Amino acid sequence: MTTTQPARPGEWFDDGMGLDDIDPTQFRMDITTDRYTDPEYLQREHENIWLRVWQVAGRESELPEVGDWKEYRLLDQSFVLVRGKDQKIRGFVNACRHRGNMLCRDGKGNAKRGFLCQYHLWSYDLEGKLKGVLREKENVLTPLDKEGLGLLPVSVECFGGFIFINPDPEAAPLAEFLGADVVELLSPYHLEEMVTVLDVREALNCNWKVVMDAFEEGYHISGIHPQLLQVIMIDPATTRYRFFDKHSVSCAPFEVAGKKYGLEEQIEGIMGLPETFPSVTAVLPRFQELVAEYRDRNGELQLPDGITPRTLLQAATRETLTGMGFDVSGLTDAQMSDNHGWVLFPNFFMTVRAGEATVILAQPHESGDPNKCYWHIISVMWLPAEHREVFKAEPINVEDPGSFKYFLALQQDYEQMPRQQIGLRNKPLKSMSLVKEEVVIAHYHSVVDRYLSGAAR
């Protein structure tokens, strides 16, 4: 009797859309440059996008204890996220209901006993309810409506270990915003079980959408990341795409066999992957063992049909992660090696493979200057319990531009993006002209257009 292996969500790639299946005329392939340089355009985004959408405000692990809180700033808005006694994370407008004083300062802290406004000493519990008013009997003519004077709530939900916040009082649930397909496809990665191993935020001299655009295509790899060509060769014929209402996912397989590099060069490229994908370090010992099985007496590598450095990396990854106690049963073999590039509107890009993910968050600068923004890099990795505290990273806010050195591929993007912004500011340049391989950018900007027109919520 044979049993049928249940379908895995990642199998969408096997018959996913290729470039030839996509009609690029359904999206605008010319993107006007004013959306990167015009302060009025940025203000329209503030009102029609940022105050109306779910966006990542951090990781749940940042608030491990009851009373732990952190501030989330969005342009001129300030919110506080806090873990309550019931372990639920809630969000509030960061302002006392008495005179509007900023309630929480310094970015993060613990308020196990509740929040105390330092201006007139009004106090609130972790659920936002008003607890006490200084000299209440002497100052209040009629009984205070303490229920009505609690902190103003803001919608907060969690998914994949990330804290999402939506400033819109009429926000639909996060699951509805993401969509059932997105939740189904991302759940098998078990992002909520991963540990933050890099958490860096820095101001950049470019528009926030320049950051998003940079990570929505692989067309630039040959020019900006030549070191990756030993393990990934962007082939438009093998790249696959899937578009949702607001979001998208795409993937270019890690496979260069039979192309530019020979077997030994591919092995060398995989051995160098930890510089960009740190979790591969744990996989390499088993990978080397599997490679050794196919070397003859003279050390020459002979791989039979169906076996490639890619498939050996996949096998080593599955064996290693499973052996360490991480459930990868819901992921395909391809997801052991291939990074899927996720775009969650408006500002979340993630490359994810079995056991690790790197997230890039882009956000406008509070100055209102469209030529500035913040990028926030969060890398997460699955680690056995005994190693989590050792590798867990604390948040870093980079104050001195250029002082923090990112891993190679990110450093190359970091240096490239401000150069593009300089070019976009040239007045005669009215638009960018996208090619077919940049269809994800075109889809992304179609969502931007829908929000700015009021057609999306």
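This is a predicted model: local features need pLDDT of at least 70, side-chain atom pairs count only at pLDDT 80 or more; totals for chains, interfaces and linings use all residues.
**View 1. The aromatic pair of Trp50 and Trp208.** By the pairing rule applied here, the structure holds 15 aromatic pairs. In the pair of Trp50 and Trp208, the ring centres are 4.9 Å apart and the planes stand at 70°, so the arrangement is edge-to-face, the class for angles over 60 degrees. Trp50 belongs to helix 2 (residues 39-50) and Trp208 to helix 6 (residues 208-214), so this contact ties together parts that are 158 residues apart in sequence. Trp50 has 0% relative accessibility and counts as buried. Trp208 is likewise buried, its relative accessible area being 0%.

**View 2. The aromatic pair of Phe345 and Tyr451.** Here the centres of the two rings, Phe345 and Tyr451, are 5.0 Å apart with their planes at 20°; the pair is therefore stacked, as the angle is under 30 degrees. Phe345 lies in the loop between strand 15 (340-344) and strand 16 (348-353), whereas Tyr451 lies in helix 14 (residues 439-453), so the pair ties together parts that are 106 residues apart in sequence. Phe345 and Tyr451 are both buried.

**View 3. A cluster of aromatic rings.** Phe215, Phe349, Trp375, Phe404, Tyr406 and Tyr414 are joined into a cluster through ring pairs.

**View 4. Arginine charges over aromatic rings.** The ring of Phe162 has the charged end of Arg59 sitting over it, 4.5 Å from the ring centre.

Conventions. Residues are numbered from 1 along each chain as its sequence is written. Side-chain values use heavy atoms; hydrogens and water are left out. Rings of Phe, Tyr and Trp (its six-membered ring) pair if their centres lie within 6.5 Å; planes under 30 degrees apart count as stacked, over 60 as edge-to-face and the rest as tilted. Helices (H or I, at least four residues) and strands (E, at least two) are DSSP runs, numbered from the N terminus. Buried means under 20% relative accessible area, exposed over 50%, partly exposed in between (1.4 Å probe, protein chains only). A charge sits over a ring if NZ of Lys or CZ of Arg is within 6 Å of the ring centre and within 35 degrees of the ring normal.
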